[in-house]
Amino acid sequence: MALPVAAEGSLHIRGRPASASEPLFVPAGEDIAFAANGRTDLMVVAIDTTQIEHWMRMRRGTDGIDRQTLQSWPISEHEVSQRTLLLNETLNLLLNQGPSARQDVLNAAHSMVLDTVLAIVPSFEVVEPLHRRAKVSVAMRTLLKENLEGHMTVADLCARMAVRERTLYLACQEAFGKPPKRLLHEMRLNAVKRQLSQPSEQTDVTSVALRFGFLHLGRFAVDYRNQFGERPSQTLARARGERLVLRR
């Protein structure tokens with residue numbers, strides 16, 4: 001898949017006009033053929049076909065990507081830019097980690113790439129009854145609490161619970177007033193705060209954040225401060241100070 005981030009002048013893909021916000025899905029064995037009469041920034045992401053099919057089954061309830069449907073689906077330039085930024089941050093994270101990157105970090109980065117790229121594909125309405133959604137919300141919250149450290153994704157939730165993404169979304173929105181991804185994000189922030197509030201001598205902010213699936217540490221620090229009104233380092237320092245006072 002390729003995301004044309006910016007294109008000066010006109011952009012043509014396989015001979016037809018295209019916009020700078022149009023994602024290009026190209027099957028294995030084909031080339032991305034495009035021409036532009038000005039500077040063009042293009043980000044290319046290669047994903048194994050089996051991984052695409054698995055993600056689509058879990059999240060969309062279909063066997064693959066219908067490119068005809070995708071071509072008629074409006075996607076804003078802002079959304080494409082945001083997704084490109086996420087991909088770039090994930091790439092920088094992996095480059096900074098180097099060959100010593102932990103397997104859980106690699107798995108989380110892989111899931112983030114899949115979600116960032118494939119979530120562009122439209123979701124069709126497949127909704128189960130209200131009583132079924134109520135059961136789904138309870139089971140989902142239990143599953144999330146048991147897997148806060150496991151880098152659980154929305155695709156994992158759909159697979160483990162055997163429900164479509166739309167059902168999961170509505171169940172979570174109805175029960176908790178927020179979508180599954182946001183609920184999981186807040187639960188993980190709370191888990192980080194608990195760990196930083198009861199630290200050992202080896203506890204540090206980075207390792208705890210990575211443990212609970214926060215790969216982009218700068219964004220994590222901002223979200224943490226918005227949630228709790230202080231930086232994660234302040235939570236840790238205060239907890240250590242209180243423990244020192246108790247020891248005296």
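Tutor: Start with burial: a residue is buried under 20% relative accessible area, exposed over 50%, and partly exposed in between, using a 1.4 Å probe and protein chains only. The model is predicted, so local features need pLDDT of at least 70 and side-chain atom pairs count only at pLDDT 80 or more, while totals for chains, interfaces and linings use all residues. Residues are numbered from 1 along each chain as its sequence is written, and side-chain values use heavy atoms, with hydrogens and water left out.

Now take Phe214. Its relative accessible area is 7%, so Phe214 is buried. Phe214 sits in the loop between helix H9 (205-211) and helix H10 (217-228). Helices here are DSSP runs of H or I with at least four residues, numbered from the N terminus. Contact means heavy atoms within 4.5 Å. Setting aside neighbours within four places in sequence, Phe214 contacts His185, Arg188, Leu189, Val192, Ala209 and Phe220.

Two of these names return in the largest nonpolar core: Val192 and Phe220 are among the residues with the most contacts inside it. Such a core is a set of buried Ala, Val, Leu, Ile, Met, Phe, Trp, Tyr and Cys residues joined through side-chain atoms within 4.5 Å. Helix H8 (residues 180-197) gives the most to it, with seven residues. Beyond four places in sequence, Met140 touches Leu157, Met161, Leu168, Cys172, Phe176, Pro180 and Leu183. A second, separate core has six residues, including Ala108, Ala109, Leu210 and Leu215.

The C-alpha atoms of Phe214 and Ala109 are 9.9 Å apart, across 105 residues of chain. Ala109 is also one of the H4 residues that meet H3.

Look at that pair. The axes of H3 (residues 77-97) and H4 (residues 103-118) come within 10 Å and cross at roughly 165°. Axes are lines fitted to C-alpha atoms over the stretch in contact, with angles from 0 to 180 degrees between N-to-C directions. H3 and H4 are therefore roughly antiparallel, the label for angles over 145 degrees. On the H3 side, the residues in contact include Leu86, Leu87, Leu93 and Leu94. On the H4 side, they include Val105, Leu106, Met112 and Val113.

Terms used
Helices (H or I, at least four residues) and strands (E, at least two) are DSSP runs, numbered from the N terminus. Angles under 35 degrees count as roughly parallel, over 145 as roughly antiparallel, 65 to 115 as roughly perpendicular and the rest as oblique.
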